[in-house]
There are 2 protein chains.
Amino acid sequence: VIGIGLMGGSLARALRAHADAPEVVGYSPVASERDAAVAAGAVSRVVERADDAAASADLVVYAVPLSVTVDLMKRHQSAWRRDAVVSDVCSLKSALTALARSLGIEHRYVGAHPMTGGESSGFGASRSELYRAATVWLTAAEAAGDERARIERLWASLGALPRWIDAETHDRIMVRASHLPQLLSNLLADALRRAGLGPGDVGPGGRDMTRLAGSSPEVWRDLLESSSVELAPVLRELGDALDDAASSLERGDLDALVRVMERTRSWRSGEQPGDA
Amino acid sequence: VIGIGLMGGSLARALRAHADAPEVVGYSPVASERDAAVAAGAVSRVVERADDAAASADLVVYAVPLSVTVDLMKRHQSAWRRDAVVSDVCSLKSALTALARSLGIEHRYVGAHPMTGGESSGFGASRSELYRAATVWLTAAEAAGDERARIERLWASLGALPRWIDAETHDRIMVRASHLPQLLSNLLADALRRAGLGPGDVGPGGRDMTRLAGSSPEVWRDLLESSSVELAPVLRELGDALDDAASSLERGDLDALVRVMERTRSWRSGEQPGDA
């Protein structure tokens with residue numbers, strides 16, 4: 001497990017909590033994180049060079065930001081065992097699928113994107129139950145059946161719900177289901193901050209809406225960069241919707257807003273959507 | 001308690017759960033709601049005419065939508081006992097403060113706005129613990145000390161945290177801390193719906209961001225109407241911020257977005273805000 005922060009640390013913990021736990025080698029560049037992982041029994045051993053973790057394993061999971069994953073996968077292409085399965089937990093899959101192809105490991109690359117996390121980061125935030133009942137999207141354009149089955153079984157054994165999807169569809173969904181809510185939370189929190197309000201001045205609804213605003217900029221920088229072509233027009237569309245709502249308020253057309261609220265209440269309760 | 005839905009029902013339940021519970025008369029226009037409140041022991045008795053509840057009580061709390069509160073307060077001005085304290089739980093206070101003045105009850109009107117709730121409505125959603133540890137804003141432009149102390153003690157006795165504020169400041173904050181997040185959640189959910197995504201397609205962050213989209217349009221219609229003059233420019237400002245973020249993505253200026261994310265992470269953790 002290359003990277004033992006929230007995602008990688010939780011994966012290591014969950015694997016080691018198994019009845020027949022595999023050997024788990026963890027990598028972190030930070031000595032205190034390595035020490036904490038050993039003390040918690042989350043890893044069999046730790047290494048301070050990512051290359052050492054990549055060389056020995058029959059399954060290599062990158063649990064670092066997307067740009068670091070890209071750099072390390074390139075650097076490790078001659079270090080991996082020839083039969084090693086390569087995976088990751090990044091929340092965008094198209095770029096890594098293309099990279100796997102260019103590195104000639106498309107038959108043994110299976111991407112994973114667990115739909116869980118939290119705004120805290122680092123090993124200290126990790127927990128063995130993080131993946132329980134969480135959807136985990138799996139992408140494997142060309143991986144062989146054995147490798148696919150192996151990764152699917154691994155996540156299922158941690159209590160997660162693996163679902164297969166193609167990388168492009170996955171990323172199109174993620175831009176809306178994950179990146180858009182993230183930036184929206186940041187921009188809302190920034191607006192409250194500018195107005196002189198603190199996080200304690202909002203009610204439970206406002207707290208939900210600004211929780212993501214505490215997420216790690218280090219993680220999101222890469223994700224936003226990779227999705228910028230798809231994300232920018234989606235942001236503009238929502239900006240237009242806000243302007244439309246403002247216009248409705250200004251001309252006293254409350255019916256227009258009530259219709260939106262009725263549509264989204266039905267949407268949330270899983271009813272058939274009404275008009276478009 | 002005029003209206004025994006989520007807010008009024010919870011207030012009645014909490015009062016009746018007290019060691020020295022007062023007599024609580026509940027009003028609902030809906031027979032099944034009245035029956036449910038009696039069966040749950042949430043009220044001493046129920047009435048099917050709001051006027052009957054208003055006439056007998058030494059404290060009248062309106063727990064109905066803002067426009068209904070306005071209508072009923074006007075209608076009840078000759079029905080109240082002359083020493084009755086009049087209160088409400090609406091989330092906007094300026095209009096009711098002005099109304100109290102015009103009805104000549106400014107010395108015995110104390111407004112309350114509990115910063116809690118939920119997207120479900122009706123007596124079935126009420127619970128005696130709803131107000132525990134919740135901030136309750138209290139406004140009383142001209143109420144006498146006794147009336148102020150009485151309402152403050154009442155909320156404190158339910159485990160809530162009463163805080164005094166003037167009605168205008170309260171409403172300016174609420175537009176940003178409550179109405180803005182509400183509409184944003186609706187507009188985000190509507191965008192996801194238009195893109196063909198269901199509520200189950202989003203991760204935990206997206207779920208937080210769309211939870212409010214299930215709120216009651218019936219309750220919000222009045223609130224949005226009352227706050228439209230203040231709310232419209234606030235919506236436009238956030239629309240501009242979304243456009244700016246899209247422009248940053250388009251020109252590859254990830255630093256600009258990272259700065260926003262760093263600011264809001266600090267804001268959320270209660271650190272001193274950085275640059276504006």
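Me: What are the ipTM and pTM of the model?

Reply: Both ipTM and pTM come out at 0.72.

Me: And what is the average pLDDT of chain A?

Reply: Chain A averages 93, and 97% of its residues score at least 70. Going element by element in chain A, strand β3 (residues 59-62) has the highest mean pLDDT, 98, while helix α9 (residues 217-226) has the lowest, 89.

Me: Where in chain A does pLDDT stay under 50?

Reply: Start with the general idea: where pLDDT is low, the predicted coordinates should not be read in detail. In chain A, the stretch to look at is residues 272-276. The model has 6 contacts beyond four places in sequence for that stretch.

Me: On to a single residue. Is B:Glu23 buried or exposed?

Reply: The way to read this is by relative accessible area, with over 50% counting as exposed. B:Glu23 has 58%, so this residue is exposed. Along chain B, B:Glu23 sits in the loop between α1 (6-16) and β1 (25-27).

Me: Which residues is B:Glu23 in contact with, leaving aside neighbours within four places in sequence?

Reply: B:Arg16, B:Ser44 and B:Arg45. With B:Arg45 there's also a polar contact of 3.4 Å between the side chains. For a sense of scale, take B:Ile165, 142 residues apart from B:Glu23 along the chain: their C-alpha atoms are separated by 29 Å.

Me: Which residues line the largest cavity?

Reply: The lining is made of B:Thr97, B:Ala100, B:Arg101, B:Glu106, B:Tyr109, B:Thr139, B:Ala140, B:Ala141 and B:Glu142. Helix α5 (residues 94-102) of chain B gives the most, with 3 residues. Sort the lining by class and you get 4 nonpolar, 2 polar and 3 charged residues.

Me: And which residues line the second largest cavity?

Reply: Here you move to chain A: A:Thr97, A:Ala100, A:Arg101, A:Glu106, A:Tyr109, A:Ala140, A:Ala141 and A:Glu142. By class, this lining has 4 nonpolar, 1 polar and 3 charged residues.

How values were computed. Residues are numbered from 1 along each chain as its sequence is written. Chains are lettered from A and ligands numbered from 1 in the order in which they are written. This is a predicted model: local features need pLDDT of at least 70, side-chain atom pairs count only at pLDDT 80 or more; totals for chains, interfaces and linings use all residues. Side-chain values use heavy atoms; hydrogens and water are left out. Helices (H or I, at least four residues) and strands (E, at least two) are DSSP runs, numbered from the N terminus. Buried means under 20% relative accessible area, exposed over 50%, partly exposed in between (1.4 Å probe, protein chains only). Contact means heavy atoms within 4.5 Å. A polar contact is a pair of N or O atoms within 3.5 Å; within protein, one must be able to donate a hydrogen and the other to accept it, and residues adjacent in sequence count only if both atoms are side-chain atoms. On a 1 Å grid over the protein atoms alone, a cavity is a set of points where a 1.4 Å probe fits but cannot get out, and a pocket is an open set with protein on both sides within 12 Å along at least five of seven lines; lining residues have an atom within 4 Å of a point. Ala, Val, Leu, Ile, Met, Phe, Trp, Tyr, Cys and Pro count as nonpolar, Asp, Glu, Lys and Arg as charged, and the others, Gly among them, as polar. pLDDT is the predictor's confidence in each residue, from 0 to 100.
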